[in-house]
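Subject: Structure handover and findings

Hello,

Here is the structure we discussed, for your files. My notes on it follow below.

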Amino acid sequence: MIASILTIPQSLDTKADDLFRRFVREADGIVDAYQLETESEIAVVSIWVSEAKRQAYMGSQLAADVAKAYPQGTRRLYSVRNVK
């Protein structure tokens, strides 16, 4: 499994909430996903069944829509070592 964390600035609109719901609904291969918030940023943590599924998502229209909505977003990848 692989984990991805996308960090974007906090905004007053609901665009992030709408994209998160669409992401959870449409992205194939997600084991779990969380949207975390502070006053200044939003972090979307997603756990993927495999790197191949995440890569397929990265080539999708949904990933392009997220990148277009949040060009300043940063992504980091992590290997998942411990699973409950």
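A salt bridge here is a side-chain nitrogen of Lys or Arg within 4 Å of a carboxyl oxygen of Asp or Glu. This is a predicted model, in which local features need pLDDT of at least 70 and side-chain atom pairs count only at pLDDT 80 or more, while totals for chains, interfaces and linings use all residues. Residues are numbered from 1 along each chain as its sequence is written, and side-chain values use heavy atoms, with hydrogens and water left out.

Salt bridges

The whole structure holds 5 salt bridges. One of them joins the side chains of Arg 22 and Glu 26, at 3.3 Å from N to O. Both residues lie in helix H1, 4 residues apart, or about one turn of the helix; helices (H or I, at least four residues) and strands (E, at least two) are DSSP runs, numbered from the N terminus. Arg 22 also meets Asp 65 in a salt bridge, at 2.7 Å from N to O. Because Arg 22 lies in helix H1 and Asp 65 in helix H3, this pair ties together parts that are 43 residues apart in sequence.

As for accessibility, buried means under 20% relative accessible area, exposed over 50%, and partly exposed in between (1.4 Å probe, protein chains only). Arg 22 is partly exposed at 22%, as are Glu 26 at 43% and Asp 65 at 23%.

Glu 51 is partly exposed at 30%, whereas Arg 54 is buried at 7%. Through shared partners, salt bridges join Arg 22, Glu 26 and Asp 65 into one network. Beyond four places in sequence, Arg 54 is in contact (heavy atoms within 4.5 Å) with Ile 2, Ser 4, Trp 48, Arg 75 and Leu 77.

Core and rings

A nonpolar core is a set of buried Ala, Val, Leu, Ile, Met, Phe, Trp, Tyr and Cys residues joined through side-chain atoms within 4.5 Å. The largest one has 18 residues, and those touching the most other members are Ile 8, Phe 23, Val 44, Trp 48, Tyr 57, Val 66 and Tyr 70. At least two residues of this core come from each of strand S1 (2–9), helix H1 (15–26), strand S3 (41–48) and helix H3 (61–69).

Rings of Phe, Tyr and Trp (its six-membered ring) pair if their centres lie within 6.5 Å; planes under 30 degrees apart count as stacked, over 60 as edge-to-face and the rest as tilted. That rule gives 3 aromatic pairs. Phe 23 and Trp 48 make an edge-to-face pair, 5.9 Å centre to centre with 70° between the planes. Phe 23 in helix H1 and Trp 48 in strand S3 are 25 residues apart, so the pair links distant parts of the chain. Phe 23 is buried at 7%, and Trp 48 is buried at 1%. Ring pairs link Phe 23, Trp 48 and Tyr 57 into a cluster.

Overall fold

The protein has 3 helices and 4 strands, in the order β-α-β-β-α-α-β along the sequence. Of its 84 residues, 31% count as buried. The C-alpha trace spans about 35 × 25 × 20 Å along its principal axes.

Regards
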